[in-house]
Amino acid sequence: MIRLTDVGVKYSFNKKRIEFRTAIDNLVLGRNNKKAAKGEFWALKGIGFEGAKGDIIGIIGSNGAGKSTLCKVLSKLLRPDSGEIQVGGEISALLSLGTGFNKGLSGKENIYLNGMMLGFSRRDIDKLYHEIVEFSGLDNSFIEQPIKYYSSGMKARLGFSIARCWPLKY
Amino acid sequence: MDSYIKELIKRRDLLIYLVTSGLKAQHRNSFLGYFWWLLDPLLGVVVYYFLVAVLFGHGGEAYGVYLVVGMITWRWLSTTTMSSAKAITGQSGIISQVYLPKIIFPLGTSLTQLVNFSFGLVIIALFLVYFKIMPGVEILWLPFIMFIQQLFLLAISLTLGYISVFIRDIENVLSHLMRIWFYSSPVIWEADRIPAKYSWLIDINPASAFLISYRNIFMHGSNPELLKLLLIGTASIIVIGFMIYYYNRNEHKIIKAL
């Protein structure tokens with residue numbers, strides 16, 4: 001169960017900081033500019049909906065409409081500045097593939113790192129590891145190499161199979 | 001705060017993994033590989049030994065040991081401080097995508113440096129053998145001093161890690177502050193040579209408490225500066241406790257500022 005009531009997310013620009021920086025710039029460069037500092041920006045305002053178990057909800061909007069911001073609110077990344085959010089159960093979100101890949105580490109190590117970031121324990125990942133490698137179709141020799149040697153297609157495949165294989169409940 | 005600590009404990013696998021994989025990734029592509037773990041601290045000592053003992057002709061008989069203990073202690077302190085300013089800002093890719101207790105990053109950074117320091121201890125041991133200095137039973141204080149220093153560094157890195165998200169200037173200022181701190185601490189100069197007028201410099205400096213304590217147990221066969229260490233430890237624990245509370249309340253602001 002997910003319920004959002006009148007959720008809003010605000011990004012505020014630090015007015016004082018911008019003013020201070022402009023003042024320093026003016027002092028150094030000897031000019032007298034005035035930069036208008038905009039105070040705040042609501043990325044989400046008055047969002048409310050409900051989702052029950054088993055629902056599949058699609059969110060459509062143009063660029064900058066706030067789809068990702070909404071997802072970030074749902075996954076606890078952002079705390080709403082107004083309104084309320086109620087979530088029964090656990091939410092794990094996958095906002096983009098290949099999150100937090102460390103280029104210097106091997107494919108295998110990145111699978112573990114990624115899983116742990118999503119909150120799985122080492123033992124959980126041990127069980128899933130072979131499935132992930134198999135689904136990605138990556139060669140066994142490549143999986144031990146740092147992923148900076150991967151082609152972009154290989155990286156995408158690894159990212160996708162990591163995302164696909166975590167046991168998510170619907 | 002309880003649930004925050006529980007969440008952190010749940011993520012201990014990740015913490016361990018961040019530390020070990022960070023250590024491995026450090027030198028993976030170099031020709032000398034893991035050998036750098038020993039070479040890094042050693043080269044730092046060699047440079048200053050050349051400067052002070054060879055060029056300036058200062059330093060007593062066992063100056064090599066004096067310097068190596070000082071430099072390796074200092075290295076732990078400075079690398080932790082410097083890297084903790086980047087601990088959270090450097091992970092913006094991860095932080096903006098997955099929910100994690102943010103405190104895990106400065107925590108991981110300071111634990112990584114603890115491992116680096118342990119390799120430094122090997123260098124110290126080599127110097128002690130070479131200069132034929134045999135530490136007494138006081139060496140048993142070593143884990144205690146390290147524990148206090150770890151607490152001290154943890155307090156620093158939790159604080160710096162958080163603040164530097166909002167005030168990016170800290171990274172720039174820090175390298176200069178560290179240099180001032182370096183020269184005002186008895187790392188390359190000898191603590192007992194300081195004029196009485198300036199001895200307060202040593203008294204108020206937590207770094208000198210560590211430096212003197214390590215040298216006491218390694219070289220002089222005497223006890224560490226217990227009172228000062230306990231004082232530093234207590235203060236650090238208070239700061240750490242406050243920072244855990246503070247992260248719990250305020251860490252959601254980090255993602256907006258990154």
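The largest nonpolar core has 82 residues, and Val68(B), Ile72(B) and Ile124(B) have the most contacts inside it. A nonpolar core here is a set of buried Ala, Val, Leu, Ile, Met, Phe, Trp, Tyr and Cys residues joined through C-beta atoms within 7 Å; buried means that 20 or more other C-beta atoms lie within 10 Å of a residue's own, against 12 or fewer for exposed and partly exposed in between, with C-beta atoms placed from the backbone. The model is predicted, so local features need pLDDT of at least 70 and side-chain atom pairs pLDDT 80 or more, while totals for chains, interfaces and linings use all residues. Residues are numbered from 1 along each chain as its sequence is written, and chains are lettered from A and ligands numbered from 1 in the order in which they are written.

- Ile72(B) touches Pro41(B), Phe117(B), Gly120(B), Ile123(B) and Ile124(B), leaving aside residues up to four places away in sequence; contact means C-beta atoms, placed from the backbone, within 7 Å.

**Chain A: domains and sheet**
- The domain assignment divides chain A into domain 1 (2–87) and domain 2 (107–165), with bounds from an automatic or database domain assignment.
- Taken over C-alpha atoms, the centres of these two domains of chain A are 33 Å apart.
- Chain A has an open sheet of 3 strands in the order β2-β1-β3, with antiparallel pairing; two strands pair if DSSP finds at least two bridges between them.
- The edge strands, β2 (40–51) and β3 (82–87) of chain A, each pair on one side only.
- Strand β1 (residues 2–12) of chain A is joined to β3(A) by 5 bridges, and the two run antiparallel.
- Within β3(A), Glu84(A) is the bridge partner of Thr5(A).

**Contact between the chains**
- The contact takes 21 residues from chain A and 15 residues from chain B.
- On the side of chain B that touches chain A, α2 (12–26), α5 (92–95) and α12 (252–257) of chain B each supply at least two residues.
- The largest share of that side, 5 residues, comes from α2(B).

**Annotated span of chain B**
- An unreviewed UniProt entry annotates residues 32–250 of chain B as "domain: ABC transmembrane type-2"; positions follow the numbering used here, feature names are shortened, and annotations may be inferred rather than shown by experiment.
- Residues 32–250 of chain B are 72% helix and 0% strand, and their end C-alpha atoms lie 43 Å apart.

Technical notes
Helices (H or I, at least four residues) and strands (E, at least two) are DSSP runs, numbered from the N terminus. Two residues are in contact if their C-beta atoms, placed from the backbone, lie within 7 Å.
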